[in-house]
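This briefing covers salt bridges, the arrangement of domains, the ligand surroundings and selected backbone features. Please consult the sequence and the model alongside the points that follow.

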Amino acid sequence: MPSTTFALDEPVISTLDAVGYEARLGLSNNPKTLTPWLFYDELGSHLFEQITELPEYYLTRTERSIFTAHADEILREAALGQGPRGKLTLIELGAGTATKTGILLAEAVRQQGSVVYQPVDVSETALAEASENILANIPGVAVRSQVADYTREALPLNRLVETRTLALYIGSSIGNFTPEDAKDVLRNLRAQLLPGDTLLLGTDLAPSGGSNANKTAAMLLAAYDDAAGVTAAFNLNVLTRLNRDLGADFVLRNFRHRACWNPTQSRIEMHLESLADQRVHIPANASGPAFTVDFAQGESIHTENSYKFTAPAVEDLLDSAGFKRTNSWQDPQHLFAVTLAAAV
Ligand code: AVI
């Protein structure tokens, strides 16, 4: 089966300019912030892959177990009413290396003989790895990779009107957006789909004290502050990136990783806390003149939110973006949910 990569036209601003712009914007905020996409340079993407295999980071293995247990049902429901529109095509937003997706692709091939898979990601390297793994391991899949930032651009779906689309947005990626931005991302996706197409959304569940009583704030905190220090390295790597890409002079040992559970907003927050009163310099670049950033001891840069959802909150989000929940699956401990919704 063929594998093709379509690159969209060069973005108007280069990645380096975008890094400079984001650093300038976020570090002038009060409180200081940095956008989470800055995590994913080559080392950051590698550290994230390591996070997904940590004993404390239950999200990836739990979602995988839900796919293993229910792929048959998920694919059958997504294809319901398919009629003359032929086979399901699978697209995936933020596919990365698409490790869990193989379970769904193999099931799609089992049910319909072959499947077209369109992973969309900003990382060409991750897409190349995904494509290579899938082509080597799952015969019957045609991979059509697309390099694009699905959060800012219309999706380059090249959709085949005679097929029905199942869009995958898995791995709790939606949790890294504010509720308003999450709605916009899903609305953008909805705008590219036809009624009857479906979305499979993976969300991490909030501790409820009820059905998932063993999901505690402590469990969440451990997932974002692991004993081996991989998440700390992932968080601190953003400063290494600013030093390398912008010539900034962050001293890494003067910052520490901190994760906290914010029950009011139902989110884990990641911060980089300054261990001293200090001044950091960022030289002039295409995004603006040289600037300095002053930190007081104990002050932090807020680098990431990871929202945790109740089942009704997932449904509300889907409704607000033009989808209707048709079914959902959870692991026996109710740690994670996978929800299928139809475009209406
Ligand atoms: C990519 N995203 C879903 C991860 C999460 O759990 O929010 C990113 C991450 N941050 C720290 N650990 C993992």
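In this predicted model, a search of the whole structure identifies 14 salt bridges. Arg 110 takes part in a salt bridge with Glu 107, where the closest N and O atoms are 2.9 Å apart. Because these two residues are three positions apart in helix 4 (residues 101-112), about one helical turn separates Arg 110 from Glu 107. Side chains of opposite charge can pair when their charged atoms come close.

**Domain arrangement**

- The protein is divided into two parts: domain 1 comprises 13-49 + 216-307, and domain 2 comprises 54-208 + 309-343.
- The centres of domain 1 and domain 2, taken over C-alpha atoms, are separated by 28 Å.

**Interface between the domains**

- The size of an interface is often given as the accessible area lost when the parts come together.
- Between domain 1 and domain 2 the buried area is about 1,500 Å², and carbon and sulfur atoms give 58% of this area.
- Of the area that domain 1 buries against domain 2, Met 219, Ala 223 and Tyr 307 supply 36%, which is more than any other three residues.
- In terms of contacts, 20 residues of domain 1 touch 17 residues of domain 2.
- Across the interface of domain 1 and domain 2, the rule finds zero salt bridges, whereas four residue pairs are in polar contact, with both residues at pLDDT 80 or more.
- On the side of domain 1 that touches domain 2, at least two residues each are supplied by helix 2 (42-51), helix 7 (217-223), helix 8 (230-246) and strand 12 (300-307).
- By class, that side of domain 1 holds 12 nonpolar, four polar and four charged residues.

**Ligand surroundings**

- The ligand is surrounded by 14 residues, of which the closest are Tyr 57, Asn 176, Tyr 224, Glu 304 and Ser 306.
- In the side chain of Asn 176, an N or O atom is 2.8 Å from a nitrogen atom of the ligand.
- Glu 304 has a polar side-chain atom 2.7 Å from a nitrogen atom of the ligand.
- For Tyr 224, a polar side-chain atom lies 2.5 Å from an oxygen atom of the ligand.

**Backbone features**

- The peptide bond that runs from Asn 30 to Pro 31 is cis, its omega being near 0°.
- Pro 31 belongs to the loop between helix 1 (15-28) and strand 2 (32-33).
- Ser 172 has a phi near 65°, a positive value in a residue other than glycine.
- The position of Ser 172 is in the loop between strand 6 (164-169) and helix 6 (179-191).

Conventions: Residues are numbered from 1 along each chain as its sequence is written. This is a predicted model: local features need pLDDT of at least 70, side-chain atom pairs count only at pLDDT 80 or more; totals for chains, interfaces and linings use all residues. Side-chain values use heavy atoms; hydrogens and water are left out. Domain bounds come from an automatic or database domain assignment. Contact means heavy atoms within 4.5 Å. Buried area is the accessible area (1.4 Å probe) that two parts lose on being put together, summed over both. A salt bridge is a side-chain nitrogen of Lys or Arg within 4 Å of a carboxyl oxygen of Asp or Glu. A polar contact is a pair of N or O atoms within 3.5 Å; within protein, one must be able to donate a hydrogen and the other to accept it, and residues adjacent in sequence count only if both atoms are side-chain atoms. Helices (H or I, at least four residues) and strands (E, at least two) are DSSP runs, numbered from the N terminus. Ala, Val, Leu, Ile, Met, Phe, Trp, Tyr, Cys and Pro count as nonpolar, Asp, Glu, Lys and Arg as charged, and the others, Gly among them, as polar. A residue is near a molecule or strand if one of its heavy atoms lies within 4 Å of it.
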